[in-house]
Structure formats: C-alpha cells, structure tokens
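Open the model in your viewer and keep the selection tool ready.

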Amino acid sequence: MSEPVAVSITLEESTRGKGLAPIKQEFRKTKWFEDNEVEDINTAAFGDDEVEGQKFENGDSNAGGNRKARGQNKKRKRTHVTDDIKLCPYIAAGDNDKCNWGDKCKFTHNIEEYLKLKPADLGERCVNFEVYGRCRAGYACRYLQAHFKDGKLVVDEERERNAPVTVKNGITPETMAALRKHTFNFEKSEAFLKEIQAEIDAEIAMKEENTQRRLASMLAEPASATTDSPASTIVEAPSTPISDKLKKVAEVEQVSTDIETTPSGIVTSVETSQQTEVVSETSISPAKEEQPVGPIFDINDKKKLNFKDKTYLAPLTTVGNLPFRRICKEFGVDITCGEMAMATNLLQGQKTEWALTKRHASEDLFGIQIAGYKTEQLVKACQVINETVDVDFVDLNMGCPIDMLFNKGGGSALLDSHGKMLKMLRGMQHVLDPPVTVKFRTGVKDNHPTAHKLVPKLESVGIGMGTLHGRSRQQRYTRLADWDYIKGIKRLTNDMALFGNGDVLSWEQYYQQKEESGVDGIMIGRGALIKPWIFEEIKTRRHWDISSSERFDMLKKFCDYGLEHWGTDTMGINSTRRFLCEWQSFLYRYIPVGLLEVLPQQMNERPPPYYGRDELETLMASPRASDWIKITDRILGPAPEDFKFIPKHKANSFEG
Ligand SMILES: Cc1cc2nc3c(=O)[nH]c(=O)nc-3n(C[C@H](O)[C@H](O)[C@H](O)COP(=O)(O)O)c2cc1C
Ligand SMILES: [Zn+2]
Ligand SMILES: [Zn+2]
C-alpha cells in the first residue's frame, strides 16, 4: 500500500474517530491561539434549546415587550446602544411639529448641539436613503453625510415615490390599540370555541351516561361473578367489593375527565379532558381517541400549497431573522418561516412579537410559526393573523423542548396531548384561510417515539404539511437525528406532505436522506446557519469552495439588510452587530471545502485547530467571540469599547 493512502487512513482514524473533522495535515495547527486567552472561546453553538428558550429567559414569558432579554446571555453586559445625547426621534426625522411634548420632551430638540456631540459617521452611503429615498433615522443616522446638505436633511422625493414595498406585515397602531383595549372582534374565534364547548358538553354527558350505566350493571351483577381473584370461592358481603368497584370506576372517570396534568406531573388546572388531556400513554390509546373533525368547517376549502421537493429554511429563533432569511433566499431556498411567535404575546399586541411576522418581498413562500398552550389563545391569535398579515401558512410549534412552554402544556408537550392538539389545529383551521402546518419531534422521551400515533390524527384534520425533526425532546442535540424513524413516518402518511429535518449539512446528505426516507422535502436549520449557500449547492449538486472574500461579501450584505431592518442609528447598528455575532457563532463552524481531506463536512464533527488559506479565512474559523467582533468591526466600524459578546450557548467547551 502506498504511503499517501496509509496517511489518509491514519488521518481518518485520528480525526473522524474522535469526532474531529478530517482537515488536511498542512492546514492543521496544534492549538487555536498562541496566547492563552481561553475565556471567551465559544462553546459549541449547536443546540437550539437554549436559543429557543431565550424568549423565556428571566422567567418572563412575556419578554416580547422588552427585547432586552432576547438574544442575550445573562452574563452579557449592556453596551452603548444609544448615543450619549439623544435626539427626539421626530426632530431626527425632520418632523419638527410632530412631537407633542415640546419643552417636556425627554430628548433634545436642539439639532445643532446634537450634531456637535454626535460620534463620527461610519461611512458615506446610507442603505436606507439608497433604497427608500428617505432615511428614517434622519439626523441620528450614522451615515448622515449621504443625506445631509447645507445643514439640512436631504430627501430624494422621486426615489421615495417609486420606492418598492419591500417588507410586509407587523402590527398597525389600530390593531395594537384594539388588542390592548380588548375591542378586537373575536366573533369568529368565539363561534368555534362555543362549538367546541358544545362538543365537550355532549361528550361529558355521554361519559356520565356510560358511567351510570356501568354502575347500574355492576350493582345488578351478583357479587361472586364480579370477583375474578382465586379467592372467588369466598363469599363476601356484597357491599364491600361493589363499593370498591364503584370507587375504582369513579377514579377512572375522574382521571379521564377532570384533571389536566402537565408532562412533569403538575396539575395545572381542573378542566374536562375534552379541553385538555391527561398526559399518559393511555391518553393516546385508540379507546380514548377524539372524534377528529367537527362539522364546523370544511377542510377542503383550504388553499392547498405545493411543498413537494422544495427546500425549507427552518424557523430559527434569533438567528432566523429577516436579514438572514433574505440571504438564504438569494442562495435559492424555497420556503422560509419566521421565528417562533408566542400566541400570548401576539394577543397582547406586543410590537416586537408582531415584528416576527414581517416578511421580505423576496420571501415568496413564507409562513410564520406560532406556539402556545391554550386553545383559546392560539385560535384568537390566528384570527388576528388572518385578518392583519399576509402569510402563506401558519405552523404550529409542537417541538419546542423548553420547560417554560412544555410545563404549561405547549410546544413538545402537545406530542402527548392529542385531544388538545386536535382542538388547537381545528380552531386554527377555522379562523385561518392559509393552510396550517405543524412541526414536531419523534416524541417526548428518548427511545420512546410516539409520533407515529400522531400522524393519522394530523391527516384526519387535513394538515397541509408536517415537518418531523428526528429527535425526541429529551434527546436534545445528542446523537444524530433518526432518519429511519422519519422514513417509517413517511410510509404512514397519505395526503399530508411530510418533511424530514435533522443534521443535513451537504447536498449529498440532502439527496441521500430524501431518497432513502421518501420524504416530500427537507427542512434545514443549522446547515443553513453554517453555510447559507447550501441551498445553491443543493440546486447545482456541487460543493462550492467559497472563498473568504465571497463569504465576507455575504456578511457585508447581511449588514446592509440589517441596517435596513434595524435602522442606521446607533441602536440599529448595535443590533446589526449583535445579530451578526449570533450568526457568526454558527458560521465559524464552516470548514472550507479545499481544506478537507474527506468530503463532505459532517454536522457532528468539530474542526481541530487549523489555519485558513488566507488571513480572513483563518479569522473566520476562529472559535473566539472577540474575533467575531473583529469581523463586525471591518463592516460596521469599530465596536463601542464596552461591546462584549458572549454567545448564548454554553454547552460543551469547543476545545474539550
Ligand atoms: C438557533 C436555533 C433556533 C431555533 N429556533 C427554533 C424555533 O423558533 N422553532 C422551531 O420549531 N425550531 C427551532 N429550532 C430547531 C430547528 O428548527 C431544527 O428543527 C433543528 O435545528 C434541527 O434541524 P438541523 O439539524 O437542520 O439544525 C432552532 C434551532 C436552532 C439551532
Ligand atoms: Zn420631542
Ligand atoms: Zn441614513
């Protein structure tokens, strides 16, 4: 055997075996950094759980109104996100007579004084002025020179008139007021909820009747015949066994009709089982199955979407923001989805939560994802969605593993609460014109998949598409997704399109998993975060050895889109920088094609310390958060001195 082969085998063994990516020897180094600064080395950023859960950080499920908590590690210090001296936003935008506060305004109205103290511009071109002909940050823009002449703001009226509508959705002041003042007309939701209540009442009446009948027949039975123990020859006083049995029957009825438990066993409310369901294995036995479809709506009226063979960018809290999705669209992804929105926050009219429904013009097949734990909240939130925003589908989150949601009976807890899930889905379908889709996991517990019991029920209510992430709630990101199970689930489906999800990081894997499992399509999450051009690779069936400067151009574009989305004032720039850092906590995991001994890169392998082919490629591979900030400095100008970025994920140490 020739030398090189032997070397390559050794390399395979010494790297793959340990979960390390097979990087060519000539690019390897012994340690990442010469200095011994290890404190801010990123820890593996590969779990969604922490990120999905950050909405609930500080125990505040309503954090939407205060996005400070969002995307921030608890240890993360606040940075300078505003100017030291703040200009009134009306005055900044040139609307001098719009501020009603006059002398009482807490911001300065003195433009001259403000401009004297304002930090220097960061560049010559303002993306908002370029696109819209008017910059909404006005004097506060950090690229002010692009639209400032003779001491005045410049507006390009012609361009403003012809400016395209690039972003849709969000919330209008009218809807916000109606939701906050509880004047929104929920008749449609209420009609459904009433119908459901009627069903519940009928079911309770039927159950009561059955109980009565059983009790009556038991009372009529001779005692000896009801005793099946070996001691049946002993004739007991009839009252004892029968009263025991009565007690037992009563207990069973109690469990099946009265109590709502959470998966952790906490009784959260005492309701009927029709509204909620006892979470236990028995709750999904055929005997207790729900009547799937009520008479209230016709599922055939739903607009049908064709999802088949399309690529789907996963909903990704924080990192799946609109600017990032634009990048993915440009690389050819077909379906995009907003970050998970909480029904409760939407119903409270929280602007930041409604911002998650925003859709860029390039997103031509776009849905939003909603999470909740009460049927009423979900149905009502969907009614508002239907009446106020433009989406192609609404996805119900049945996979979120976070305790906060799970313990209340939402997210992946729905996997074991079929009755409640069906009511939610029927209600959502009743109030929504666009189709309802679901995203779910294999089950709650490890090694105990239950999704196969769910699928016929999803089909029975006419769900347009289901996406199965091939992991359980308990499993989190340990071990790879179970594509064999996904394949089994695909075989169970009839009309419902099934997408598979988990670990796809290359076009080969994409086609292989798709063909082997037979799914209608594949959703990609981390693969898109690590290399958004994966969608192009899938379409062209080739590996793209993208250069560091091409990657840098992509980051520059992201920043342009970020400034357009979050604004060009100090605060908008800070947000753009922070979201770029969050993204970088995935991007740095990309290993350039030309550096790999064996293709393709695998999701569960981490790179050993290595050099890139140029300075920028080396910097981009750095697992150190301070290096990610350096990358942002090259695009957004130097970060404020006290800008610190600590990624949320504190899982396994990258080095260990
Ligand atoms: C940063 C991050 C945020 C996520 N946010 C959501 C979310 O809001 N809703 C959701 O259903 N799944 C969310 N997930 C899970 C992904 O959608 C996807 O199911 C999971 O990452 C597995 O796919 P992958 O192996 O292609 O990444 C998130 C995952 C990550 C990594
Ligand atoms: Zn003012
Ligand atoms: Zn500007």
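Select Cys99. Its relative accessibility is 11%, so Cys99 counts as buried (under 20% relative accessible area, with a 1.4 Å probe and protein chains only). This is a predicted model, where local features need pLDDT of at least 70, side-chain atom pairs count only at pLDDT 80 or more, and totals for chains, interfaces and linings use all residues. Residues are numbered from 1 along each chain as written, chains are lettered from A and ligands numbered from 1 in written order, and side-chain values use heavy atoms, without hydrogens and water.

Next, show the zinc ion (ligand 2). Cys88 (SG), Cys99 (SG), Cys105 (SG) and His109 (NE2) coordinate the zinc ion at 2.1 to 2.3 Å (donors are N, O and S atoms within 2.8 Å of the metal, or 3.2 Å for Na, K and Ca; water is not among the atoms, so sites may look incomplete). Along the chain, the donors follow the spacing C-x10-C-x5-C-x3-H. Cys88 is buried too, at 2% relative accessibility.

Now select Trp533 and Trp544. They form an edge-to-face aromatic pair, 6.5 Å centre to centre with 70° between the planes (rings of Phe, Tyr and Trp, the last by its six-membered ring, pair if their centres lie within 6.5 Å; planes under 30 degrees apart are stacked, over 60 edge-to-face, the rest tilted). Both Trp533 and Trp544 are buried.

Move to Phe558 and Trp583. Their ring centres are 5.1 Å apart and their planes at 55°, so this pair is tilted.

How values were computed:
Buried < 20%, exposed > 50% of the residue type's maximum accessible area, 1.4 Å probe, protein only.
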